[in-house]
Amino acid sequence: MTAFLGMPARAPRGVGQLRGDLPFPAAAREALGNAQLRSNLGRATATIRAKRAAVVDEVPDWAGLRAAGAAIKDAVLADLGSHLIRLEEQVVAHGGRVHWARDANEANRIVTDLVRATGERDVVKVKSMTTQEIGLNEALAEAGISAWETDLAELIVQLADDRPSHILVPAIHRNRTEIRDIFRREMGRVGVPAPPHLSEDPHELAEAARLHLRARFLTARVAISGANFAVAETGTLAVVESEGNGRMCLTLPETLITVMGIEKVVPTWRDLEVYLQLLPRSSTGERMNPYTSMWTGVHPGDGPLEFHLVLLDNGRSATLADPHGRAALRCIRCSACLNVCPVYERVGGHAYGSVYPGPIGAVLSPQLTGAKDNPSLPFASSLCGACYDVCPVAIDIPTMLVHLRSEVVAASGPKPERAAMAGVSWVMRRPRLYTVALRLSRVARLFGRRGAIRRLPPPLSAWTRTRDLPLPPAETFRDWWVRTHGSP
Amino acid sequence: MRVALFITCLVDAMYPRVGQATVQLLERLGYDVDVPLRQTCCGQMHTNTGYADQAVPLVRQHADVFAGYDAIVAPSASCVGSVRHQHAALAARSGDDGLRRAAAAVAERTYELSEFLVNVHGSVDVGAYYPHRVTYHPTCHSLRLLRVGDRPLRLLHAVRGLDLVDLPDADVCCGFGGTFALKNADVSAAMLADKTASVLSTGAAVCTAGDSSCLMHIGGGLSRDGASVRTVHLAEILAST
Ligand code: SF4
């Protein structure tokens, strides 16, 4: 690799899924019109919220664990380069190979070449946000390679030619009836068909997926995964999952390729232990997840014979370089912040345009792409703070959103809002003028009908479309004070 | 004790009765209340909309106006949250260390009304009488930024004649969020619809909270729906006798 000078690059355009086609408010409006989506999401997030709350509340030292989770990540990020080099040494020492990918294009090229070298045209995949982020499946398809998702929810999304809408439950926007219809319609087209009388019973649906996937597991010779963690001291990778499909992919094929964001490294097994407590409780609301797979290099006669680790930057170094944004790299993708977010709950994941939706997506996507490429996401929050409260690594998302908003404003040209904000600030710095301005707000009484303001011109019409405003009072507070308590 | 009222721009312009109630309550409890008239706005709207540079002069003005008081009380968790959690950072951003210290000193002595009553005044019974069925909405900034906890509820429990009913999903945001209500009006309205439905389900005659901004939002939704539930600030209930 050549020497790298200057500011690290952001995630490139035209590849992967970190940018949406529509600004958030427009995409959200579409989503809000979908009553089925809202009821699916409302039910699913309420269930998972309650489960999480119960298993977090029972941990006596949750606050301490959470602080440790934040501190370990911060320490890693402060010296990320050395931890990654240690990880590389250990992976190589145990018979694996390590590839460094500056961005999505490089990572896709590396993985495509590796698969090509095996001569295979089909690969099985473990659920992975990172490969969604870089658009790996699309890149493989262009090279004539079919990537088959094996996580149940990812399978549903793939069969329906849909996009994931949640980082843990990618098909959270679908209910059972929709899933049954997708299975019946699509499974036979690409492999083992769904049983003829498939019902919407969860057990039957899971069994249909099992039968469909089993054929894939048994024939696949190449698997692609992400990673939840990598332990630098031994070069061990870890995938945390619920279904066991990951375990199949990680052990059956001959070649395993893992694509991992560079922020996933932890120094030691002791550090890993903290996250293995934080993650399942925060994500699925379980004390412990059913399957935690860990592997270190290759071992003849046990699992894959070839192991490749692709370390992905794709805007992460740029995020690390930003003192206001780097805490986003602590994220362990538990999705607790999505499940408590009142905005996410109502609009779902697609409205965010990126594979990373919800509160963390509103921060992480603009950090990876640069705020200029995702200017509406930092505003997609009422700053209610519920996300920060539940985050197991204490990412202060509201404060980061506010900072990103100032970056968006700084990068945008003159517009009416800027002039209005400057004007208001100018008046507010002049108490006498401000006193007069407050009195003048009484003019708005002219807009009143039946004791309230029901209609205002743009941009305030956005308020009055669904909400009344009270009539301004006849006397401001300060005028009352001067009248009753003496002169200014 | 020299207590200054930080009135907040919204109360000054739109809800003078909330300011009057705060003054009456504090005077009834024996405090000598002052309202420095050079105060204007804490700059929260500018900060949260991305105009931090326009907020810095307002931080300077705020720190200047309120220097020297023993306690600064505001009937708004949101504005106190801005003073406590944003002013020092904004001052640091401006590179003015003196301002950072001045802002921090003011922030330390700034209290949201329920905090002042419970922690400084030291009593939950403020002698109020309010014979109505009331439900309380804990605003996001009182709950998660200031962590006022159950202080407002304890104050309400001590009000004579008051019938307090629980609000379902109380801790969920009403969808106001400052300019969020305009920039993401559709999402904001969807959140509000759920909040007003919760309020109506309680059968309360009055919905109260510690922030006039959120009450303006909830009240605006209730009024548009023709509901008869009134929105009344906590200060107004505590000032009633
Ligand atoms: S930001 Fe925090 S709560 Fe959200 S997904 Fe990441 S770790 Fe979980």
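A: In this predicted model, Val73(B) has Tyr111(B) of β4(B) as its bridge partner. That pair belongs to a parallel pairing in which strand β3 (residues 71-74) of chain B and β4(B) are joined over three bridges. Helix α5 (residues 77-85) of chain B lies across β3 and β4 of chain B and runs at about 150 degrees to β4(B). Helix α8 (residues 113-121) of chain B also packs on the sheet, where it touches β1 (2-5), β3 and β4 of chain B. The direction of α8(B) makes about 105 degrees with that of β4(B).

The sheet itself is open and has four strands, in the order β2-β1-β3-β4 (chain B), with parallel pairing. Its edges are β2 (32-34) and β4 (110-112) of chain B; each has a single partner strand, so one side of each is left without a neighbour in the sheet. On average, neighbouring strands here are turned by 35 degrees against each other, direction ignored.

Chain B holds another open sheet of four strands, also parallel in its pairing, with the order β6-β5-β7-β8. Here β6 (163-165) and β8 (230-233) of chain B are the edge strands, each pairing on one side only. Tyr136(B) has Thr208(B) as its bridge partner in β7(B). Helix α13 (residues 212-224) of chain B lies across β7 and β8 of chain B, at about 170 degrees to β8(B).

Parallel pairing is found in chain A too. Strand β2 (residues 122-125) of chain A is joined by four bridges to strand β3 (residues 146-149) of chain A, the two running parallel. Asp122(A) is bridged to Ser146(A) in β3(A). β2(A) is also joined by two bridges to strand β4 (residues 222-225) of chain A, again in parallel. In that pairing, the partner of Val124(A) is Ala223(A).

The domain assignment divides chain A into domain 1 (2-316) and domain 2 (416-485). Their C-alpha centres lie 51 Å apart.

The largest cavity holds about 110 Å³. Among its 16 lining residues, Cys341(A), Pro359(A), Ser381(A), Cys384(A) and Cys387(A) lie nearest the centre. At least two lining residues come from each of α15 (342-347), α17 (386-390) and α18 (397-411) of chain A, and α18(A) gives the largest share, three residues. By type, the lining has 13 nonpolar residues, three polar and no charged.

The second largest cavity holds about 90 Å³. It is lined by 13 residues, with Cys331(A), Cys334(A), Cys337(A), Cys391(A) and Pro392(A) closest to its centre. This lining divides into eleven nonpolar residues, one polar and one charged.

How values were computed. Residues numbered from 1 in each chain as written. Chains lettered and ligands numbered in written order. Predicted model: local features only at pLDDT ≥ 70, side-chain atom pairs only at ≥ 80, totals over all residues. Heavy atoms only, no water. Pairing = 2+ DSSP bridges. Contact = heavy atoms within 4.5 Å. Axes fitted to C-alpha atoms, helices over the stretch in contact; angles between N-to-C directions. 1 Å grid on protein atoms, 1.4 Å probe; cavity = no way out; pocket = protein on both sides within 12 Å on 5 of 7 lines; lining within 4 Å. Points joined across faces, edges and corners; volume = space filled by probe spheres on them. Nonpolar A, V, L, I, M, F, W, Y, C, P; charged D, E, K, R; others polar. Domains from an automatic or database assignment.
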